[in-house]
Every structure is written in C-alpha cells, then in structure tokens.
Amino acid sequence: MHHKMREEAALTIQKNYRMVVQRRKFKEGFKKVSPIKEDACMVVTPVSVSAKSAARRDWLEQVQRRKEGKQHVWDDSKQNHAEAGDLFGYVENSRKLGENQKSQGWIEVYVIQAVHSPACRLPTWSGNVGQGNRNVVELSSEPIYKGSMVEWKDILGYAERYCVQGTIHLKHERIKGYLNKIL
C-alpha cells in the first residue's frame with residue numbers, strides 16, 4: 001500500500017513540476033518584446049469613458065487577459081497596415097470636467113509583436129459589426145510608455161479639441177517627433 005502511495009505522490013510531483021516549467025516558459029515568451037522598427041508607424045484606438053461602450057468592454061477584457069498572462073490582442077485599423085515592430089496606443093480622449101476644465105486624457109503605448117489574420121479574432125469581438133475584416137495585432141504585455149493626450153496632441157500638432165475617433169493608422173513621418181520624446 002505504501003509503495004503505491006509513494007508512486008502516486010512521485011507522479012503528482014512530476015506532473016506539477018512540468019506544469020511549473022511550462023508556465024515559466026510561457027511567461028518568459030511574453031516578456032520578450034519585439035524590437036521597435038526604425039521607421040515605426042502607430043495604430044491608435046480610443047477607449048470610451050462610457051462603461052457601456054463596446055470599446056471600453058473590449059479594453060477591460062484585454063486588461064484582464066494581460067493580468068492572466070494571456071495573449072494581448074486588438075484590431076488593426078481598417079487599412080490593415082500594421083506590422084511587427086510598429087507601435088499601438090490605447091487612448092482616452094480629454095473630456096470636459098466642468099466650466100472651462102478638461103481632463104488630460106491618457107495614452108498607453110505598446111509594441112506590436114505580430115500581426116495575424118482576421119481569422120484570429122477573439123469570439124468576444126463578434127458583436128463589433130463592420131470590423132470582421134481587420135487583422136489582429138498581438139501586443140506587448142506591458143506598455144513601453146504612458147502619458148497624457150494633451151502631450152500627444154501637442155507634439156503631433158493636433159488642435160486641443162481633437163479627439164481620436166475610431167482606430168487610426170499614423171505614418172512614421174507624423175509620429176517621429178513623439179517617438180523621439182518617448183523612446
């Protein structure tokens with residue numbers, strides 16, 4: 001009886017050890033960030049402040065996926081121009097807080113690790129009508145930069161009242177001053 005219990009205990013220990021090793025290898029893979037291209041472009045997508053919006057729900061899903069060590073992904077812009085080594089930014093536009101007051105807004109910048117076909121879209125995205133033909137960009141698990149939208153608009157030359165509406169693709173020439181600031 002004792003021999004069988006020891007054998008089962010040894011098998012359990014081996015199984016648990018293999019799982020720990022696999023988990024470590026999996027996490028190490030996510031820590032590797034692709035190099036940023038010299039002529040990097042940027043995909044930028046707004047995150048709505050409304051708790052009921054699809055964009056906010058999808059963004060919160062990605063926050064949770066990152067916490068769980070899962071793949072961090074998003075839609076490309078409708079032009080599907082993103083490439084590995086480009087940058088991706090989630091933004092919350094500045095918003096009115098009161099009479100003559102606006103928030104700073106925020107931006108989180110990630111590195112695009114890989115680009116996948118629309119077949120790799122998450123099942124939870126099926127409700128996003130009109131975006132089924134967009135490539136899926138795989139993003140670094142942690143941002144390489146966090147800043148304000150006021151700063152971003154100022155450096156890129158946008159008017160103070162400008163708001164990102166929909167996922168956009170910005171060419172390198174447009175963002176190179178910003179890249180010099182954040183990298």
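Glu-83 forms a salt bridge with Lys-37, with the closest N and O atoms 2.7 Å apart; a salt bridge here is a side-chain nitrogen of Lys or Arg within 4 Å of a carboxyl oxygen of Asp or Glu. Glu-83 lies in the loop between strand 2 (72-75) and strand 3, and Lys-37 in the loop between helix 1 (2-31) and strand 1 (42-46), so the pair ties together parts that are 46 residues apart in sequence. The structure is a predicted model, in which local features need pLDDT of at least 70 and side-chain atom pairs count only at pLDDT 80 or more, while totals for chains, interfaces and linings use all residues. Residues are numbered from 1 along each chain as its sequence is written, and side-chain values use heavy atoms, with hydrogens and water left out.

Lys-37 also meets Asp-86 in a salt bridge (3.0 Å, N to O), so that Lys-37, Glu-83 and Asp-86 are linked in a network. Where do these residues stand, buried or exposed? Asp-86 counts as buried at 1% relative accessibility, whereas Glu-83 is partly exposed at 43% and Lys-37 is partly exposed at 21%. In these terms, buried means under 20% relative accessible area, exposed over 50%, and partly exposed in between (1.4 Å probe, protein chains only). The structure holds nine salt bridges, and another of them joins the side chains of Arg-56 and Glu-92 (3.1 Å, N to O). This pair links distant parts of the chain, with Arg-56 in helix 2 (residues 54-67) and Glu-92 in strand 3, 36 residues apart. Both Arg-56 and Glu-92 are buried.

For an overall view, the protein chain has four helices and nine strands. Helices (H or I, at least four residues) and strands (E, at least two) are DSSP runs, numbered from the N terminus. Along the sequence, the elements follow the pattern α-β-α-β-β-β-β-β-β-β-α-β-α. Of the 183 residues of the chain, 40% count as buried.

Eight of its eleven residues are buried, so strand 6 is largely enclosed by the rest of the structure. Strand 3 and strand 6 pair in the antiparallel sense over six bridges, two strands being paired if DSSP finds at least two bridges between them. In this pairing, Tyr-90 stands opposite Glu-108 in strand 6. Strand 6 is also antiparallel to strand 7 (residues 136-139), over four bridges, and the bridge partner of Ala-114 in strand 7 is Glu-138. Three further bridges join strand 6 to strand 8 (residues 145-147), again antiparallel, with Val-109 opposite Tyr-145 in strand 8.

Rings of Phe, Tyr and Trp (its six-membered ring) pair if their centres lie within 6.5 Å; planes under 30 degrees apart count as stacked, over 60 as edge-to-face and the rest as tilted. The count comes to eight aromatic pairs. The rings of Tyr-90 and Tyr-110 have their centres 5.6 Å apart and their planes at 80°, so this pair is edge-to-face. Tyr-90 belongs to strand 3 (residues 87-92) and Tyr-110 to strand 6 (residues 106-116), 20 residues apart. Tyr-90 is buried at a relative accessible area of 0%, and Tyr-110 is buried, also at 0%.
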